[in-house]
Amino acid sequence: MTCRWDPDHLRTRFVQALSDMYRAEVPLYGHLVEIVRSVDDSVLASRRQRPDGDAIPVEQGLPSRHRLERHGAIRLGTQHEMRTIGRLFAILGMHPVGYYDLSQAPGGGFPLHGTAFRPTSEDLLRKNPFRVFTTVLRPDLIKSETVRSTAQRILRERELFSPELYKLLDKFESFLSAAPNTKGHAPAALTVQDADSLITESLKIFKWHSRSSPNVTFDTYGQLKAEHPVVADIVCFPSAHINHLTPRTLDIDAVQSEMVRRGLPAKERIEGPPPGRSCEILLRQTSFKALEEPVTFASSSPGTRDSQVDGTHTARFGEVEQRGAAVTLKGRRLYDFLLEEAALGAERVGREMNGGILTALFRERYPDDWTTLRREGLVFFRYRVPSQFSGTGPCAGLKIDDGATIKMETLLEQGVVECEPITYEDFLPFSAAGIFKSNLGGNGLENMTAGPAVSHGYDDARKELEVLLGQKIPSEIDLYETLQGASVRECERHLGLREG
Ligand code: OOG
Ligand code: NI
């Protein structure tokens, strides 16, 4: 049977399969999902309304957008692995957006480049916003030369992808390039079986193996871990195990308390903006900490009869996120500045950054009503003309906020245009470093606190990842800017201000 070509449908199937696999592998994650559902049900019951359209079912038979997991994370070892993952994710409608420089985290950085593979258009995000925070090893940042060459040798011998997967990537890609205008109908060559196999073969890449790669002994694991736990995690296993999945919640503070109440090993603090704001911005995240799981390693003396050693590895956890509005560059700089101030304040009094300092700083410095956030250009908005005003424009040929003739503020005051904040769909480097830190533990990572998001060398590092990937990585802020701009143009058209 031929199959309907639909990356969104494939992405949804992929997330569901990944979620089922992860829940079976890490039962505690299933527990977290239950907590999120019960918290969200209570929030919805008390609000008696639907959150930004998210609780509306996407398609019959599919779970609502809100119920779908929002993101997962993987850590890769080589350029080949990164490029091949890029090919797979493109078929699922996910493309690299944003660069996260994880090498600059104060108190101990990570030898990693980071980006998020995600849907880029509003339409595709609405259908299923799933994204994967993807990091790749930067061997040049591994300090020990011996560890660097050992890591590179092991990775050269690793094959993450099955021969079937390579064939399927070729097949889907040739369909994509050969028949871009088939309006959803694949040529006979692309079958339902192909789509099923793509999911099955993909899951193999992200599956957990409780056995190290055959060429990794217990001692080698120890050496790599002593250099940096993330190096051991990336290099020593035969798969790129998914290390967490993350549902979105409507009340992350309630999820955090519930995790503690039920005895889950919750992370100490919620990453991101402080609690208690009326206007949620960016992203708040927390997790239960990674589990220590049994792993079998090859012994250091191959050839002996008992050539296996039982050990453990700590990598996999469960996370939860609460999303707010996307902020402009100005809004982001203010956020970064206040986070840094809070970290410095905490340092001065010799404590870890705690919620109190951050809350106080934000209360004082970060506006907390939508009108001020909009007027000060701190948050991105989507503008629209309510249907009763559509086509009523008296001033054909004019543009909003251009030449000061028609002000968006005036249109908003008159109710001719409405607006709503655009949801932030990306990640935060401070928060990501905090998540990494609490899930890798040990080895000099303890002192890590927040630091500047845009570090020295940020542009060079981003370019390095672009070369490695073989494609440009758009900035997330540019994408929101484009989205906001397109909504303003659309308003102009509806009001008859512009041709088109
Ligand atoms: C990725 C950690 C970052 C997030 O949500 O910020 C992350 C990892 O642990 O590999 O997922
Ligand atoms: Ni995450």
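Visitor: So which element gives the most to the shell around ligand 1?
Guide: That's α15, with 5 residues. This is a predicted model, where local features need pLDDT of at least 70, side-chain atom pairs count only at pLDDT 80 or more, and totals for chains, interfaces and linings use all residues. Residues are numbered from 1 along each chain as its sequence is written, while chains are lettered from A and ligands numbered from 1 in the order in which they are written.
Visitor: Which elements each supply at least two residues of that shell?
Guide: β1 (71–76), β4 (131–137) and α15 (429–440). Helices are DSSP runs of H or I with at least four residues, strands are runs of E with at least two, and both are numbered from the N terminus.
Visitor: And which residues surround ligand 1?
Guide: Ala73, Arg75, Phe133, Thr135, Asn243, Gln285, Phe427, Ser431, Ala432, Ile435, Phe436 and Asn439. Being near here means that the C-beta atom, placed from the backbone, lies within 6 Å of the molecule.
Visitor: How do they split by class?
Guide: 6 nonpolar, 5 polar and 1 charged. Nonpolar is Ala, Val, Leu, Ile, Met, Phe, Trp, Tyr, Cys and Pro, charged is Asp, Glu, Lys and Arg, and the others, Gly among them, are polar.
Visitor: What stands opposite Ala73?
Guide: Phe133, in β4. β1 and β4 pair in the parallel sense over 6 bridges; pairing takes at least two DSSP bridges between two strands.
Visitor: What's the strand order in the sheet?
Guide: β2-β3-β4-β1-β5, an open sheet of 5 strands with mixed pairing. β2 and β5 (244–246) are at the edges with a single partner strand each, so one side of each has no neighbour in the sheet.
Visitor: Switching topic: how is the protein divided into domains?
Guide: Domain 1 is 7–326 + 424–469 and domain 2 is 381–421 + 473–500, with bounds from an automatic or database domain assignment. 13 residues of domain 1 are in contact with 8 residues of domain 2, contact meaning C-beta atoms, placed from the backbone, within 7 Å.
Visitor: Which element gives the most to the domain 1 side?
Guide: β2, with 4 residues.
Visitor: Last one: where does pLDDT stay under 50?
Guide: Over residues 53–63, and also over 443–455. pLDDT is the predictor's confidence in each residue, from 0 to 100. The protein averages 86, and 84% of the residues score at least 70.

Methods
Two residues are in contact if their C-beta atoms, placed from the backbone, lie within 7 Å.
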